[in-house]
Amino acid sequence: MMLYTGAKALQYLNVPLFTVFKNLTIIAVAYGERFVFKTPVTPLMLSSFFLMVLSSIVGALNDIKFNLQGYTWVIMNCVCTAFYVVVMRKVILTVNFKDFDTVYYNNFLTLGIFVLLSLFTEPWTKFYDFYKHNENSAELMSYISANSVSAISAFAISYTSAWCIRTTSSTTYSMTGALNKLPIAVFSMLWFPDPVSFGAVLAVILGFSAGILYTHAKNVAKRETPVGKQSLPPPATLNTSTSDYGDKDVLASPNRKD
């Protein structure tokens, strides 16, 4: 459902607007982890989330258009993504999955669902009628090549996502997913001839600020987390008379060695 609703949302929304809504998933994941893992959501973390959302809004300000179908699909995608990320972390910790195990079962179970969805929703007859002609064979090869690259990239994303969720947290994984768009934006400003706007620069600055604030918030939360009280063993059921052990104070001492 996460993959399907994401594809449907992109059918109706452009990428900048899609990114604005996708970054709202970070907040949903954070509160999902709070419910499942009892992980606290501090005010500093919330501030970093809102900074990231504000960065997306500033960057997509010129692309915002109302589209009810697109908004509906992207909201469903945010809910499905948050549910998927939190539940996957729960399963990884419960079953003790390795990274490849997570990728294998995720993709294997998804395959059957996608085959059914494709058979019922995709125009396979039109696809065949178009590509059976020789003049369209070159385009077919380009299509196969592009899908192959996409499949390899999807496997890499699945594997690294499983590794990240297993070693960190679902919220950190979601925040990293939002932050990884910022270097791409910076490189595109430097390498491509498109004009650099004030809104684009401000969006990048806000995004990096959100990442720095989130890192600071995690460090503060880690420092404030109590280590826990030392658990002492239960008292031994021994005869506490002074005739057997001498001084009662020595027996009562937690540092006494038998």
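This is a predicted model: local features need pLDDT of at least 70, side-chain atom pairs count only at pLDDT 80 or more; totals for chains, interfaces and linings use all residues.
Residues are numbered from 1 along each chain as its sequence is written, and side-chain values use heavy atoms, with hydrogens and water left out.

Seven aromatic pairs are present in the structure, where rings of Phe, Tyr and Trp (its six-membered ring) pair if their centres lie within 6.5 Å, and planes under 30 degrees apart count as stacked, over 60 as edge-to-face and the rest as tilted. Among them is the tilted pair of F49 and Y214, with 6.0 Å centre to centre and 35 degrees between the planes. This pair links distant parts of the chain, F49 lying in helix 4 (residues 43–59) and Y214 in helix 11 (residues 198–224), 165 residues apart; helices are DSSP runs (H or I, at least four residues), numbered from the N terminus. F49 and Y214 are both buried, that is, under 20% relative accessible area, whereas exposed means over 50% and partly exposed in between (1.4 Å probe, protein chains only).

Y104 and Y105 form an edge-to-face pair, with 5.1 Å centre to centre and 80 degrees between the planes. Y104 is partly exposed at a relative accessible area of 42%, and Y105 is partly exposed at 40%. Together with F97 and F108, Y104 and Y105 form one aromatic cluster.

Charges also sit over rings (NZ of Lys or CZ of Arg within 6 Å of the ring centre and within 35 degrees of the ring normal): K38 lies over the face of F35 at 5.9 Å from the ring centre, and R89 over that of F37 at 5.5 Å.

How values were computed: Helices (H or I, at least four residues) and strands (E, at least two) are DSSP runs, numbered from the N terminus.
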